[in-house]
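Here are my notes on this model, in numbered points. Please read them with the structure open.

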Amino acid sequence: MGGKTISIYIITTAISITIGLTLANLIEPGERMDVDTRTRLMSVYQDDASEKIEQELAIDLVQQIVEIVPRNPFNAIANGNMLQIIFFALILGITVSFIAKEKADPLINFFDGFSDVMIKLVTTIMYIAPIGVFALIANTVGEFGFDILQTLIWYVGAVLLGLMIQVFVTYALMLKFFTNISILDFLKAIRRA
């Protein structure tokens, strides 16, 4: 189960990256920006861009696999290292299944309650998030003018198109070939998420 979960995670991540890069290169939302606005943005964020460009891009597959195992699970959670979190959760779940049910139940109940708390926390944040997004957009428009909204609209369109392709093509094909679940049942089941 763990191997299948990690494999599906890696495969769907690779597919989504491919979709994202393809759409970004086809739509080119950044190219639709006014030259003056682009120049001002580059001057403001030049240091951040230079730092990102200088990062080493070499990928060591063995090192990537080794880094799936978290040295500190709490650090992995704090930094949002999803593969490490998934790996730790799988190992913890497997280990809990080996102990007596009466000893495992309090831990399972704890994580079940913790899951409910986290879902409630995320739901609350989702209600507040539009205010923060509005403030960020208002700040950006105030700094760079209304022309930047045109680029933002192209960017949002590219993201939405990518998400639709991932859900209605990638996931639909996976459901068709690997399960007996219909796409409508799948969409109903993930509606809340």
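1. Is Phe-114 buried, partly exposed or exposed? This is a predicted model. In it, Phe-114 has a relative accessible area of 42%, so Phe-114 is partly exposed.

2. Phe-114 belongs to one aromatic cluster, together with Phe-110 and Phe-111. Phe-110 is partly exposed at 48% relative accessible area. Phe-111 is partly exposed too, at 38%.

3. The count of aromatic pairs comes to three. One of them joins Phe-110 and Phe-111. Their centres are 5.2 Å apart and their planes 70 degrees apart, an edge-to-face arrangement.

4. Phe-110 also pairs with Phe-114. Here the rings are stacked: 6.0 Å between centres, 15 degrees between planes. About one helical turn separates Phe-110 from Phe-114, because they sit four residues apart in helix α6.

5. Now the helix packing. Helix α6 covers residues 101-144 and helix α7 covers residues 147-178. Their axes come within 8 Å and cross at roughly 135 degrees. That angle makes α6 oblique to α7.

6. On the α6 side, the contact uses Ile-137, Thr-140, Val-141 and Phe-144. On the α7 side, it uses Ile-148, Leu-149 and Leu-152. By type, the residues of this contact are six nonpolar, one polar and no charged.

7. Val-141 deserves a separate look. Leaving aside neighbours within four places in sequence, Val-141 contacts Phe-146, Ile-148 and Leu-149. Val-141 also belongs to the largest nonpolar core.

Conventions:
Residues numbered from 1 in each chain as written. Predicted model: local features only at pLDDT ≥ 70, side-chain atom pairs only at ≥ 80, totals over all residues. Heavy atoms only, no water. Core = buried A, V, L, I, M, F, W, Y, C linked by side-chain atoms within 4.5 Å. Buried < 20%, exposed > 50% of the residue type's maximum accessible area, 1.4 Å probe, protein only. Contact = heavy atoms within 4.5 Å. Axes fitted to C-alpha atoms, helices over the stretch in contact; angles between N-to-C directions. Helix = DSSP H or I, 4+ residues; strand = E, 2+ residues; numbered from the N terminus. Parallel < 35°, antiparallel > 145°, perpendicular 65-115°, else oblique. Nonpolar A, V, L, I, M, F, W, Y, C, P; charged D, E, K, R; others polar. Phe/Tyr/Trp six-rings, centres within 6.5 Å; stacked < 30°, edge-to-face > 60°.
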